[in-house]
There are 2 protein chains.
Amino acid sequence: MNAPLPAHLLPHLEPRAVPAAMLEALRAQFGDRCSTAQAVREQHGRDESPIDAPPPEVVVFCESTEDVAAVVKLADQYAVPVIAFGAGSSLEGALLAVQGGVSIDLNRMNKILSIHPEDLSVTVQAGVTRMQLNNEIRHTGLFFPIDPGADASIGGMSATRASGTNAVRYGTMRENVLALTVVTPQGDIIRTGTRARKSSAGYDLTRLMIGSEGTLGVMTEITVKLYPLPEAISAATCTFPSIDAAVRTTIQLIQIGIPIARCELLDAHAVRAVNKHDKLTLTEAPMLLMEFHGSEASVKEQAATVQDIASDFGGAHFQWATTPEERTRLWTARHHAYFAGMQLKPGCRTVTTDTCVPISRLAECVTVASEEAEAAGLLHYIVGHVGDGNFHIAYLVDPAVPAERERAEQLNREVVRRAIEVGGTCTGEHGIGLHKMDFLVDEAGAGAIDMMRTVKRALDPKNIMNPGKIFAL
Amino acid sequence: MNAPLPAHLLPHLEPRAVPAAMLEALRAQFGDRCSTAQAVREQHGRDESPIDAPPPEVVVFCESTEDVAAVVKLADQYAVPVIAFGAGSSLEGALLAVQGGVSIDLNRMNKILSIHPEDLSVTVQAGVTRMQLNNEIRHTGLFFPIDPGADASIGGMSATRASGTNAVRYGTMRENVLALTVVTPQGDIIRTGTRARKSSAGYDLTRLMIGSEGTLGVMTEITVKLYPLPEAISAATCTFPSIDAAVRTTIQLIQIGIPIARCELLDAHAVRAVNKHDKLTLTEAPMLLMEFHGSEASVKEQAATVQDIASDFGGAHFQWATTPEERTRLWTARHHAYFAGMQLKPGCRTVTTDTCVPISRLAECVTVASEEAEAAGLLHYIVGHVGDGNFHIAYLVDPAVPAERERAEQLNREVVRRAIEVGGTCTGEHGIGLHKMDFLVDEAGAGAIDMMRTVKRALDPKNIMNPGKIFAL
């Protein structure tokens, strides 16, 4: 009972059937790893976005780069869409099969291929999830910091240029992918980048792929940076009299260069949701949830500075999570915010904003967004990677009441309009998918979209790679 | 008396004359800002590479993005090459007018357009140099860390994906450019990116342009990140019994996660050169020149840890540069290494390697390169941004003795071959230009080059943007 696709997108999205000959070829090659079962197709035809679309016609479970190349070669031959599928956690409809075609399931490509602890890097198959990766490298004393809310796959995170709570210190997928194995739209296998930390060798095909949402190729193997586990970690929560005060604290600590590792805002609604979902007893007021990484001494020093700044802005109840268990509990609660939030309104769907703005404009943007949502009387909550200038306001809408969804979309448009006006972006980390195609035009301008379109047409002339996403062709 | 272009490149590089009508149109629009004077053309027809090429036919001194767009529109109309020209400090022939055409001089585009100290960013015209930028933002308490040897322009640094001594802590141009104004090959003006710190909004056109060496468009305005000047800075030198010992010290401090800001290797020859050039009295042995940024306490802590590690590897004469003047003197000497090195052999030209390798393989790569150069009896010196795995071995060759250049190129090929073999890159920061086109094929493979070529052909179908560079079309 989700919302249909926006009507103005439909003309671009005529269904493209999988011919019988192609289906036969897939079955011959993949046997029972090729499925047309309704349940399997439906599972690969939805994500966490509030958009409905028809499911893919076929799902192929790939186990190697060569498998993916074989599927794409057939898709190229028959000009049929292919969509890479990982954890299925897109919030923007990025993996919906809007023109039918083949869903390439990468979840069986879940091997760590090579760990290079001495070089602080690891190469994984695209279906490895972020939590699996961290579990499997635990013995090295290293960790992979990028942590979107879901336990997403590294492939999906690369495709959407994902980030999460650690980006303020460690960067996003943009900064943390060193090299890729990519299946091109013609079904060829290429490698981009190297294991060196930097390079000036030709066009940055790695960064061209990162964030392209599967529209230029399928990333099958990914080399990412790792980081030494800090000698000391400490987490703290601090409650503020207003969202404005919490955000102003953040702005100041970024401006003076505190190397804070995580700096997350939760508004009172979000705190209420995680309290309920994770049985916590946090004060239900705007809150910063912070983490400090470094040596024992530097962590203490950072924390003391932040405590000073926070109290200037009326911060109170500064509480330390002193044990690893307490820390994990707090951060797990933060990562559950999305699902915790949904339980504030059982049966609801979530419309989530994802703007990211220059940090000096963050306080006004978050505050106005909050006020507008309150005034609209729509249940919502705010969480934010405020150290990056990125925040999410999640509007909880009853799918049976179309007017609620329309109100949420209207509020979202206002949030985006304001972000672009102050020099920010409509999406900090979720991607464009289907949901933000209009916003991208406003943000990037027709000329930049034309350049994207030219690149897309040149690399994928048959428009088979995840068609219908990011921009209209 | 430089070397000619490699013969196998020449077939791709037929001269393309500027038609009289175009020259007339340029003169009408730009008056005396359009020059065909021999001296002006020659000044725009050479760089720091050891390669000779014919000069451009015309030089236009642009003062705005609109000026650049006007020149490119004419170049598009007449299918004539255009080459953006900044400081002229390319080491790889990136700005040589191998097919003639128009040199677009951007040095008058030297304005800081807007400083956003509260957002830690600044927007500059492409002709602003890195030193000018740091001078003009001094009052903000912020700095721009990227520092290649030359006082390069921000435009040129963007075009080659430059880095320098601070990259180990602050990243390269890849990580530090937020947004661009670009003149496309059709002479249109587009904007890429925003002032937000991160974004998932469509293809990463910013990163596609960064490192494309002017072959996809002319970057005219650039928004870069700035950083708060650290509360405390301290620099130190430490002498080692061997290159191997110095590099192993570096490897270990990177692996344990010391946030060192600069970590530069100089071999004994390089120390001798800077001693002579800058009247210093450093011990003429392999040396690390390091810098620590942070709070007073954390700088002390980092330095103590590094000193411990260094002494494990036989590091001695650990010396602190305690005053800002001493520190500046040391780093100025380091930045002079290129010119200091040339004075070891008056009248010489320099062939410089630029490989960057996974850090675990750095010690063997540097040591073997040094041994091979010694065995070849060719005057040389080594400097390295070893914290990144990047090092330069500069061979000093007598332009009157072609055999010396050939020997240097042969040694360079070996250094590159080894770097690629261990998972590294032929160029960490100088770019491909003309000099490393063959190496790029070995490194990236035919498939990746094909993808680059497809992008180039699509965006610049008339091949007017700095033709003949990076790869053969």
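I started with helix 11 of chain B, residues 296-312. It has 17 residues and reaches 25 Å from its first C-alpha to its last, close to the 24 Å expected at 1.5 Å a residue. The expected span is 1.5 Å times one less than the number of residues. Helices (H or I, at least four residues) and strands (E, at least two) are DSSP runs, numbered from the N terminus.

I noted the ground rules next. This is a predicted model: local features need pLDDT of at least 70, side-chain atom pairs count only at pLDDT 80 or more, and totals for chains, interfaces and linings use all residues. Residues are numbered from 1 along each chain as its sequence is written, and chains are lettered from A and ligands numbered from 1 in the order in which they are written.

**Helix 11, continued**

I listed the buried residues of helix 11 of chain B: S298(B), V299(B), E301(B), Q302(B), A303(B), V306(B) and A310(B). Buried means 20 or more other C-beta atoms within 10 Å of the residue's own; exposed means 12 or fewer; partly exposed is in between; C-beta atoms are placed from the backbone. These buried residues pack against helix 11 of chain A. Within chain B they pack against strand 12 (232-239), helix 9 (243-255), strand 14 (287-294) and strand 15 (316-321). After the helix comes G314(B), with a positive phi near 80°.

**Interface**

I looked up the contacts between the chains (C-beta atoms, placed from the backbone, within 7 Å). In total, 74 residues of chain A are in contact with 76 residues of chain B. Helix 16 of chain A gives the most to the chain A side, with 12 residues. By class, that side has 29 nonpolar, 29 polar and 16 charged residues. Ala, Val, Leu, Ile, Met, Phe, Trp, Tyr, Cys and Pro count as nonpolar, Asp, Glu, Lys and Arg as charged, and the others, Gly among them, as polar.

**Symmetry**

I laid chain A on chain B: RMSD 0.0 Å, by a turn of 180° and a shift of 0.0 Å along the axis. The two copies are thus related as by a two-fold rotation axis. The superposition is by least squares on C-alpha atoms of residues with pLDDT of at least 70 in both.

**I137(B)**

I found I137(B) in the loop between helix 4 (130-136) and strand 7 (142-143) of chain B. I137(B) is partly exposed because 18 other C-beta atoms lie within 10 Å. Leaving out residues up to four places away in sequence, I137(B) touches I115(B), V122(B), L142(B) and L226(B).

Note on methods: Contact = placed C-beta atoms within 7 Å.
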